[in-house]
Amino acid sequence: MIGPSDDNLPMTFKQLEQSNAVLQIVGRGIAAGAAGGLAEIAWVTLYAAATGTDPAILTRGVTTAVGLSALFPDSTVAWGVTVHLGFAVTLGVALSFVWRALSSHRSDEAGPYPFMIAALAGVWTLNFFVVLPIISPAFIHLLPYPISLVSKMLFGLAAAETFRLMNVSVLNTRPVRGF
């Protein structure tokens, strides 16, 4: 019998509630990742303009690092931006789930900013000192370390601001089982 207790609701209602929460988290992650990825593109473009370098070199580096330059030699810039934004959105979704899990267990006056800055500093460190030296050593020399680090910090700031603007309190709703 269906009563006022959540335990008495049919599973389909609970599943619908959980899938709605998951979709909200994913949606915020997509928006945060896109904002972060675009912030990085803007920063690198600004750096390239200030130094007289070609920003397409970095996009070609992305396609080379993931092995697409051999498949699409004439469109490496478009593929580089596409791959970069794909990675950015994926990272944004992952960070959205982690942020939701962390923020649902504690009250954080500072909001998502410290978390995002720390997470992106970790991502930058992992990328430039572990992953990229193995898969694409040339990529780590395309930008000076401080410029690439600022790029990741801007990603973190853009993602955190996106969470704030999208009303982070929604991420603090009841925990979804399994997440």
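Student: Let's start with Lys152. Where is Lys152 placed?
Tutor: Lys152 sits in helix α5, which covers residues 145–165. Keep in mind that this is a predicted model.

Student: Is Lys152 buried or exposed?
Tutor: Buried. Its relative accessibility is 14%. The cut-off for buried is under 20%, so Lys152 falls on the buried side.

Student: What does the side chain of Lys152 make a polar contact with?
Tutor: With the side chain of Glu40, at 2.6 Å.

Student: And which residues does Lys152 touch, leaving out those up to four places away in sequence?
Tutor: Glu40 again, plus Leu120, Val123, Trp124 and Asn127.

Student: How many salt bridges does the structure hold?
Tutor: Two. One joins the side chains of Glu40 and Lys152, at 2.6 Å from N to O. Glu40 belongs to helix α1 (residues 11–51) and Lys152 to helix α5, so this pair ties together parts that are 112 residues apart in sequence.

Student: Is Glu40 buried or exposed?
Tutor: Glu40 counts as buried, at 5% relative accessibility. Lys152 counts as buried too, at 14%.

Student: Which side chains meet in the other bridge?
Tutor: Those of Glu161 and Arg164, at 2.6 Å from N to O. Both residues lie in helix α5. They are three residues apart, about one turn of the helix.

Student: How accessible are Glu161 and Arg164?
Tutor: Glu161 is partly exposed, with a relative accessible area of 25%. Arg164 is partly exposed as well, at 45%.

Student: New topic: rings. How many aromatic pairs are there?
Tutor: The count comes to six aromatic pairs. Take Trp124 and Phe129: their ring centres are 5.5 Å apart and their planes are at 85°, so this pair is edge-to-face.

Student: Which helices do Phe129 and Tyr145 lie in?
Tutor: Phe129 lies in helix α4 and Tyr145 in helix α5, so the pair ties together parts 16 residues apart in sequence. Tyr145 is partly exposed, at 32% relative accessible area.

Student: Which residues form the aromatic cluster?
Tutor: Trp124, Phe128, Phe129 and Tyr145 form one cluster.

Student: What about Ile140? Where does Ile140 lie?
Tutor: In the loop between α4 (113–135) and α5. Ile140 is buried, with a relative accessible area of 9%.

Student: Which residues is Ile140 in contact with, leaving aside neighbours within four places?
Tutor: Phe128, Leu132, Pro133 and Tyr145. Two of those names, Phe128 and Tyr145, came up in the aromatic cluster.

Student: How far is Ile140 from Gly61?
Tutor: They are 79 residues apart in sequence. In space the distance is 9.3 Å, C-alpha to C-alpha.

Student: What follows α2?
Tutor: Gly67 follows α2. Its phi is positive, near 85°.

Student: Let's zoom out. How many helices and strands does the protein have?
Tutor: Five helices and zero strands. From the N terminus on, the order reads α-α-α-α-α.

Student: How much of the protein counts as buried?
Tutor: Of its 179 residues, 35% count as buried.

Student: Last one. What share of the contacts join residues at least 24 apart?
Tutor: 72%, taken among contacts between residues at least 6 apart in sequence.

Definitions and conventions:
Residues numbered from 1 in each chain as written. Predicted model: local features only at pLDDT ≥ 70, side-chain atom pairs only at ≥ 80, totals over all residues. Heavy atoms only, no water. Helix = DSSP H or I, 4+ residues; strand = E, 2+ residues; numbered from the N terminus. Buried < 20%, exposed > 50% of the residue type's maximum accessible area, 1.4 Å probe, protein only. Polar contact = N/O pair within 3.5 Å; in protein donor to acceptor, adjacent residues only side chain to side chain. Contact = heavy atoms within 4.5 Å. Salt bridge = Lys/Arg side-chain N within 4 Å of Asp/Glu carboxyl O. Phe/Tyr/Trp six-rings, centres within 6.5 Å; stacked < 30°, edge-to-face > 60°.
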